Amino acid sequence: MLRNFETFLTSGNSSSVGEPELATRSHPDWRLELVESYADIFHPVGASLAAPGLPAVDDGWRDLLERACARIRAAVRLHGGSFRVMQISEKYGTVRIRWEGSLSPEAAARVEEAVDLAEARSATTCEVCGDAGVLRAGDWVATRCDAHAEQRPPAEGEVPDLHVERRLVDGRWHTLFLQYDRAGDRFVEADSQPRKGE
């Protein structure tokens, strides 16, 4: 549950037992700047600190959220419609961007791709510092680099960076298996398709 972010940052409380305190290493100024810079997709009412979509994540994911917001803004401006970021949080070690609105199918597809790219990048980006990271096990799952791993091992059976997409081409549905390419910040065709039962 997303709480008042100012209280969250200053209280020293965290949402899970054993979870490091976000307030000890976060700086809310970039979050406010993000909401103010992308007011057309956050639609803050009153103080930006009270915007429903104010990111409740650590500093390492700043860049991937800026990329996601730029992509979302471009999609909405190009295709029109209404859009509002409702929540940005971490769940199971990756970023979650929740939104509401009324978009054309083209705009909705581009927005969903931006959200999917942000989630895929967050699974390979340390939430603390922004360096390359991996999902790590412990009392809760988190994406961390070696320096911020806090003695956590990589998660067993780590989820592959596979993205499945269906496209209608010449009246026939085609299924594409894509992988996240961190260097290019994009999805590329997977080297091999998963076999049935995997």
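**Close-up 1. Aromatic pairs in the predicted model.** Searching the whole of this predicted structure turns up two aromatic pairs. One that you can pick out is Tyr180 with Phe187, an edge-to-face pair. The ring centres of Tyr180 and Phe187 sit 6.1 Å apart, and the planes make an angle of 75 degrees. That angle is over 60 degrees, so the pair goes down as edge-to-face. How accessible are the two partners? Tyr180 has a relative accessible area of 6%, so it is buried. Phe187 comes out at 16% and also counts as buried, because the cut-off for buried is under 20%.

**Close-up 2. A charge over a ring.** Here the pair to look at is Arg152 and Trp140. Arg152 lies over the face of Trp140, 4.0 Å from the ring centre.

**Close-up 3. Cysteines without a bond.** How many disulfides does the model have? The count is zero. Zoom in on Cys129 to see why: the closest cysteine sulfur to its own belongs to Cys145, and at 3.7 Å that is too far for a bond. A disulfide would need the two sulfur atoms within 2.5 Å.

**Close-up 4. Helix H2 against helix H4.** This view takes in H2, residues 29-37, and H4, residues 62-79. Two numbers describe a packed pair of helices: the angle between the axes and the distance between them. For H2 and H4, the angle is about 5 degrees and the axes are 11 Å apart. The two helices are therefore roughly parallel to each other, since the limit for that label is under 35 degrees. On the H2 side, the contact is made by Trp30, Glu33, Leu34 and Ser37. H4 answers with Arg62, Leu65, Glu66, Cys69 and Arg73.

**Close-up 5. Stepping back to the chain.** To place the views above, here's the overall layout. The chain has five helices and seven strands, and from the N terminus on they run α-α-α-α-β-β-α-β-β-β-β-β. The chain has 198 residues, and 38% of them count as buried. What share of the contacts between residues at least 6 apart in sequence joins residues at least 24 apart? That share is 50%.

Methods
Residues numbered from 1 in each chain as written. Predicted model: local features only at pLDDT ≥ 70, side-chain atom pairs only at ≥ 80, totals over all residues. Heavy atoms only, no water. Phe/Tyr/Trp six-rings, centres within 6.5 Å; stacked < 30°, edge-to-face > 60°. Buried < 20%, exposed > 50% of the residue type's maximum accessible area, 1.4 Å probe, protein only. Lys NZ or Arg CZ within 6 Å of the ring centre and 35° of its normal. Axes fitted to C-alpha atoms, helices over the stretch in contact; angles between N-to-C directions. Helix = DSSP H or I, 4+ residues; strand = E, 2+ residues; numbered from the N terminus. Parallel < 35°, antiparallel > 145°, perpendicular 65-115°, else oblique. Contact = heavy atoms within 4.5 Å.
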